[in-house]
Amino acid sequence: MHKEAHEIVIVIDFGSQYSHLIARRIREQNVYSKIISYKVTPDEIRQLNPKGIILSGGPASVSVKDTPRCDEKILFMNIPILGICYGLQLGSQILGAKIKPSKNREYGRTNCTIKDHSLLLDSLDSNINVWMSHGDQVIELPDDFQSLAYTENCPYAAVRHKEKDFYGVQFHPEVTHTPSGNQILHNFLFKICHCSGDWSMSSYIDRAIKEIQEHVGKERVICGLSGGVDSTVTAALIYKAIGSKLACIFVDNGLLRSNESERVIEAFKKNFKVDLHFVDARDRFLNRLSGVSDPEQKRKIIGHEFIDVFKEESKKLADIKYLAQGTLYPDIIESISAHGGPTAKIKSHHNVGALPAELGFELVEPLKDLFKDEVRRIGSELGLPDDIIWRHPFPGPGLAIRIIGEVTEDRLKILRQADDIMIQEIKTAGLYKEIGQAFAVLLPVSSVGVMGDERTYENVIALRAVETLDFMTADWVRLPHDLLAKISNRIINEVIGVNRVVYDISSKPPSTIEWE
């Protein structure tokens, strides 16, 4: 580890699904942030020279043996610390507080009463809504602690140490469900850590370009394109760093949306002067997926076939050492624990993990610490057109994981048409930019219907539209009923083989955004 070029606040990760969201909220306030494993040493922290430290939440209990614990010396380094949920419990315990499982667990939105508007809770109302998610809680504070806030079931919802710059909140200020959360983090950053706010997206771009140049030197780089915002911004960033030494490969795997290949080729010819290689591999992927219904198996097959296609195409290009990918942090955090923490695996991602070793390239992932909205801001800074920047995310395995069950050409045709109708109507209604992601899913069930006085037994399409800032949490969009009726009517009338349309009203969590 080395000292950063600008001021930094580090997030020590104890396995929370929200750890990177904390870092993101900090960056939104123009302070650079970095996530560090709970195994970090005091010496490594000194090398980073942070203005402050945040101890994240996590699924473990401090009352149980062998749970994740940071070096206790970190609490005595005279660096301001904010503990969140598990971080509050661990930090308070190290400093003498008693923690026990609470009789009444708190999950979800809760009213919190502030009784001391210290630096951390400055400028807040006396009663605020907060997002709780905990089983353990502080039950007794030593004399050198002060209670700042409480809820009906949690007597110490916020605390501070009277002598050390240690603060803690039992709730999660980083999530949107805590409306005052940004102000609390702002107070910690600027009133307690005395940050100046010297970081911006422009500075991130400059830093990323410099790192790419230092990393790859005079070597050439291949970038795998999907046509989505992630891979496009990756290509634009690397092109800005190394110019003509970048070559891009676009693979049509037969699992793309309607007219996807044509749109990708046109967009890149119009916006870039890069060496673009197009590979038509539709038959290969569909043959490999024949008879396969399990979603994880689909992902693995598509990932391995993608590797094989990439190997073959890259052999046509001389002297390529590096592979660039548009991997984002949500891809990583849902696949593995990226920082040595105990984060639970949710699902595998086709572009995370074994690709570099299997392809024989070293990896370049300039966006791996960013969320989708940050990537869009980079795209805007780089001058990319809005139709690319605001395009909804599309999964690497494509329509294969939006077809529940076996993937066939006939089922792909049905889903493509239904999905295209949905997106057309959402754009016509002027709602596309307001929605984080919208798509259709082909279900593995048939439904009885009546068409033209005849009984039918045909496919069911599910529509999904979510609103989200970070894709770590999401809520379903309350689309106007008239719009849903129009989409449904068009799909049933225009897509042969569909006689029923349903709308998914599940949030993340507990559901994921994609169905598979």
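1. Glu-28 is partly exposed, at a relative accessible area of 33% (buried is under 20%, exposed over 50%, partly exposed in between; 1.4 Å probe, protein chains only). The model is predicted: local features need pLDDT of at least 70, side-chain atom pairs count only at pLDDT 80 or more, and totals for chains, interfaces and linings use all residues. Residues are numbered from 1 along each chain as its sequence is written, and side-chain values use heavy atoms, leaving out hydrogens and water.

2. Which residue does Glu-28 meet in a salt bridge? The partner is Arg-25, at 3.3 Å from N to O (a salt bridge is a side-chain nitrogen of Lys or Arg within 4 Å of a carboxyl oxygen of Asp or Glu). Both residues sit in helix α1, residues 19–28. They are 3 residues apart, about one turn of the helix. (Helices are DSSP runs of H or I with at least four residues, strands are runs of E with at least two, and both are numbered from the N terminus.) Arg-25 counts as buried, at 4% relative accessibility. The pair belongs to a network of salt bridges that links Arg-24, Arg-25, Glu-28 and Asp-373.

3. The structure holds 27 salt bridges. Among them is Glu-72 with Arg-69, at 3.6 Å from N to O. Glu-72 is partly exposed at 40%. Arg-69 is also partly exposed, at 31%.

4. Arg-284 and Glu-312 form a salt bridge at 2.8 Å, N to O. This pair connects distant parts of the chain, with Arg-284 in helix α8 (282–289) and Glu-312 in helix α9, 28 residues apart. Arg-284 is partly exposed, with a relative accessible area of 29%. Glu-312 is partly exposed too, at 43%.

5. Now the sheet. It is open and has 5 strands, in the order β12-β11-β10-β13-β14, with parallel pairing (two strands pair if DSSP finds at least two bridges between them). At the edges are β12 (275–280) and β14 (362–364), each pairing on one side only. On average, neighbouring strands are turned by 30 degrees against each other, direction ignored. (Axes are lines fitted to C-alpha atoms, for helices over the stretch in contact, and angles run from 0 to 180 degrees between N-to-C directions.)

6. Strands β10 (220–225) and β11 (246–252) pair in the parallel sense over 5 bridges. Ile-222 has Ala-247 in β11 as its bridge partner.

7. Which strands does helix α9 lie across? Helix α9 (295–314) lies across β10, β11, β12 and β13, and runs at about 135 degrees to β11 (contact means heavy atoms within 4.5 Å). Helix α5 (201–216) lies across β10, β13 (320–324) and β14. Its angle to β14 is about 170 degrees.

8. Check the cis peptides. One joins Lys-508 and Pro-509, with omega about -15 degrees. The bond from Pro-509 to Pro-510 is cis as well, with omega near 10 degrees. Pro-509 is in the segment after β18 (498–503). Pro-510 is found in the segment after β18 too.

9. Check positive phi outside glycine. Asp-66 has phi near 65 degrees. Asp-66 lies in the loop between β3 (52–55) and β4 (81–84). At 74% relative accessibility, Asp-66 is exposed. Cys-85 has phi near 55 degrees. Cys-85 lies in the loop between β4 and α3 (86–94). Is Cys-85 buried or exposed? Cys-85 is buried, with a relative accessible area of 5%.
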